[in-house]
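Reader: Hi! I'm new here and would like a friendly tour. Could you show me what we're looking at?

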Amino acid sequence: NVTANNLRIQTASVGTYAQPLRTSVGRMSALTSGSIFVNETDALEIGAVGASVTQVFDNGTTSVITDAIQSDVQTTANGDIYLYAAGALSLGDGSDEDGMSATAHGTGRIRLASGATVTVNADVASTTGVVTVESVGNLTVGADVNVSTGADISLESTSGNIELGVESFVNAGSAVVRLAALGTVSVGDITASSVSLISGGALTVASANSLITANDLRIASGSVGTATAPIRTSADTLSVSSTGAVYVSEAFGLTIGSVAVTTTRFSGASENTSVTDSAQSDLSAGDDSVLIVESGNLVIGDGTDADGIGISAAGSGRILIETVAGNVSLNADVESLSGAITMISGGALALGGSVSVSTLGDVYTDSDGATNLAATATILGAGVNVNAGGNIVLGRIEATDVELVSGAAISVATGSPVQV
């Protein structure tokens, strides 16, 4: 065991997973070629540490030996970094002003864990090693701080919140990013091939410019974004399960479908472990649901659950689906119990075979181009208003009041037993 206020380590390697270096120190800095395994009994700060000692010679003279100030925790030859603090774990830049707090070279993996809180105030990076950050309490990544690697990144708080600061960046390249918290999650910029966001409370953004970029995006949360600060995405496929309202703004084209995400984590042992967030389909909201695509097409699919539903809002939850400059294609149902449903397309609007749009409230559609209902497609509502800049092709519409406005012609889908 090492007990001290400050601990400076420069060596080939420190401890092992089975036998980590046990410390009771306030601040630490470590530089190794190999791996670092440290288990702190209380709170730990990663920062700048220098050391001076007085050496006594056999002739009675003395000399002061000074080890220069060293910052951060760093490995230089594919070494892993494993830091556990029973108390709060805080990672800072130190005095070298390189913006880094923990750096693992090459395939070196990083695990930063705390029995209390984790605060990351300077960058954490590996070249291609897994990065795992876990806390029992709150997990905070400061403003302008990056967590990056060419492998999977996992940030998890088992009983607290996750907060990513303004202009923070979690970047896994073509790998996976997973954020999971029992409490709330606030996101900055995230880039990965697959992203899984799990929040027991609200999922919000650190700033209006925060952007999640991914091929596949899976969200399970109490609520998603707000009306004034939606979750901004640049994703190919999206699935959302929320007990509250959902507000999503997509930069380019998007498909509502099925997403499963498996994330590799560094447990500290020689082998990595993995966690799988199982396939989740559709966009399901417990309140209002707003999905806006700024550029490109929107395709609403059923996913793999085969329930026939693409977007749903519980109770009186309202639904707004909008593309600013693209088409809207419904290949699965859109439904609310009694909330109004609005679908706006900057291009064409199409309802596929056996697809229904249904609510006890009103349904309003508006397309700059044509609106086409397949022969077996249905729109059901208290009042239905269909507006199209182009043709309207009808399947079945059922409502107390119906209004059809076309900039061209109104016709019936081939084979449709049309009912209005």
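Author: Helices (H or I, at least four residues) and strands (E, at least two) are DSSP runs, numbered from the N terminus. By that count the chain has 0 helices and 49 strands. This is a predicted model: local features need pLDDT of at least 70, side-chain atom pairs count only at pLDDT 80 or more, and totals for chains, interfaces and linings use all residues. Residues are numbered from 1 along each chain as its sequence is written, and side-chain values use heavy atoms, with hydrogens and water left out.

Reader: What box do the C-alpha atoms fill?

Author: Roughly 110 × 35 × 30 Å, taken along the principal axes.

Reader: And how many of the residues count as buried?

Author: Of the 420 residues, 51% do; buried means under 20% relative accessible area, exposed over 50%, partly exposed in between (1.4 Å probe, protein chains only).

Reader: Which residues have the most contacts inside the largest nonpolar core?

Author: L179, L197 and L330, in a core of 89 residues. Such a core is a set of buried Ala, Val, Leu, Ile, Met, Phe, Trp, Tyr and Cys residues joined through side-chain atoms within 4.5 Å. Apart from it lies another core, of 5 residues, among them F37 and F266.

Reader: New topic: where is S367?

Author: S367 sits in strand β42, residues 363–367. S367 is buried, with a relative accessible area of 1%.

Reader: What does the side chain of S367 reach?

Author: The backbone oxygen of A370, at 3.4 Å.

Key: A polar contact is a pair of N or O atoms within 3.5 Å; within protein, one must be able to donate a hydrogen and the other to accept it, and residues adjacent in sequence count only if both atoms are side-chain atoms.
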